[in-house]
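Keep the structure open while you read.

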Amino acid sequence: MDIRSRGKRLATGVTAAVSLGSLAVVGIGSAAVYAATPHGTTTDTTNSVTSGQGDNQGQGTGGTTGDNGDNGSSLDNGYSGVSPVQPGNGGSIHSRSSGS
Amino acid sequence: MTMQTRPRPPRAAQSAPTPGRAAWPLWGMEASIVVADPGLLAEAEGIVRTVTSSVEDSCSRFRPDSELARLQPRLAAGVQVSPMLANLVGSALAAARWTDGDVDPTLGKDLEALGYDRDIRTIKVRTTGIAGPAARQDSGLDRNEPRPERRVPGWSRVSVVDGMLRVPDDVRLDLGATAKAVAADMAAASVHAVLGIGVLVSLGGDLSAAGPAPEGGWQVLVQDLPADPAQQVTLPAGCGMATSSTQKRRWHHAGTSVHHILDPRFGLPAEPVWRSVTVAASSCLEANAFSTAAVVRGFSAIDWFRSRGIAGRFVDDRGRTVTTGCWPTDRAAAEGGRHE
């Protein structure tokens with residue numbers, strides 16, 4: 001089996017995992033797909049309108065009542081505070097960040 | 001069905017191979033991957049293509065056969081959606097919460113009203129950028145005109161609970177911004193999980209890294225348009241980076257040029273205070289949410305980022321840069337290596 005065929009086979013597996021809707025329990029689905037979203041993000045999120053939200057110039061308070069038990073996680077904070085970027089080392093460029 | 005990380009054959013001690021790279025057109029932009037093991041490049045590309053295809057099938061606003069489009073008539077009453085769509089909506093709502101609604105996934109009707117009702121490739125696009133005082137009127141928001149009424153944030157009226165999605169009948173979801181970032185995160189994590197290698201995925205310049213990085217970290221050139229100031233930075237393993245630009249994804253509407261980042265308060269293009277904003281975070285979704293929100297907030301985004309320690313790089317309409325958080329300054333970058 002050549003590389004492209006193996007790639008297609010593996011990719012098909014990912015598709016199957018996704019389409020089966022078993023992401024939370026099967027290997028690639030759980031490990032890869034949901035791990036890809038910020039810690040604490042799940043499919044179950046509830047937002048409710050809170051008083052005064054309409055006149056706060058768009059800076060809504062959110063009114064989050066999420067039932068995913070993620071209070072205090074990065075899902076709420078939205079920024080983990082890690083130091084994710086450092087000066088370049090002058091080596092070869094691997095990729096580019098630009099708008100799209 | 002269970003898929004586990006593919007065991008890698010033992011390898012004799014040797015110098016690290018040169019990373020392999022592949023690129024292809026996607027959603028009117030370029031998708032690319034860089035993998036630490038070039039021998040697995042084709043397999044990695046197949047995985048990324050599968051993930052992006054699944055995301056498109058789930059939430060495309062331009063395809064009548066997407067899950068979101070098909071279910072639209074039933075969303076007001078609530079409908080069970082796929083885990084993929086639930087995840088994409090949940091991520092979009094998370095981004096809205098993080099940014100106090102500056103990133104709002106319910107602007108579909110506003111984008112349609114501005115003419116962004118089909119694939120950007122089929123819309124008359126202008127990508128020459130903006131500069132100087134003309135920028136304000138160029139944004140599509142004429143500051144001399146009275147602003148429209150502020151609106152109730154649409155995202156606060158959307159819910160997805162146990163896979164049951166409810167969207168008010170007067171709201172149209174547009175998951176475009178966050179879905180691209182989530183797709184990058186999913187794709188990178190999937191490649192690492194399946195192949196057990198380090199990978200850097202780029203979807204239109206939104207980056208997500210998973211697995212071990214090459215020695216020295218992933219080297220990323222941060223630059224929007226070719227004439228803009230450039231900076232080489234190191235993105236560690238497991239992190240994400242996103243750039244939001246008011247110079248890209250522009251089109252003509254009603255005799256003026258507009259861009260795609262809308263201010264949810266008015267449903268109109270945000271004032272282009274910044275040519276671009278780049279953010280590094282622990283995921284591409286986080287980075288994308290904050291870079292987009294910074295464009296919407298304009299000048300006040302600087303203090304907001306600094307108060308929260310967000311690593312950001314702002315480029316204003318004169319090409320000047322401002323950095324926040326732990327983002328390296330130009331001088332630090334020059335001392336750490338070559339500065340583009």
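## A pair of strands

In chain B of this predicted model, strand E4(B) pairs with strand E5 (residues 164-166) in the antiparallel sense, over three bridges. Here, strands are DSSP runs of E with at least two residues, helices are runs of H or I with at least four, and both are numbered from the N terminus. Two strands count as paired if DSSP finds at least two bridges between them. Look across the pair and you'll find B:Ser159 opposite B:Arg166 in E5(B).

These strands belong to an open antiparallel sheet of three strands, in the order E3-E5-E4 (chain B). Strand E3 (79-80) and strand E4 (159-161) of chain B are at the edges with a single partner strand each, so one side of each has no neighbour in the sheet.

## A covered helix

Now find helix H7 (residues 284-297) of chain B: its 14 residues reach 20 Å from first C-alpha to last, close to the 20 Å expected at 1.5 Å a residue. That expected span is 1.5 Å times one less than the number of residues.

H7(B) is mostly covered, with 14 of its 14 residues buried (20 or more other C-beta atoms within 10 Å of a residue's own, with C-beta atoms placed from the backbone). After H7(B) comes B:Gly298, with a positive phi near 70°.

## The chain overall

Chain B has nine helices and 17 strands. Of its 340 residues, 55% are buried.

## Reading the numbers

Residues are numbered from 1 along each chain as its sequence is written, and chains are lettered from A and ligands numbered from 1 in the order in which they are written. As the model is predicted, local features need pLDDT of at least 70 and side-chain atom pairs count only at pLDDT 80 or more, while totals for chains, interfaces and linings use all residues.

Conventions
A residue is buried if 20 or more other C-beta atoms lie within 10 Å of its own, exposed if 12 or fewer, and partly exposed in between; C-beta atoms are placed from the backbone.
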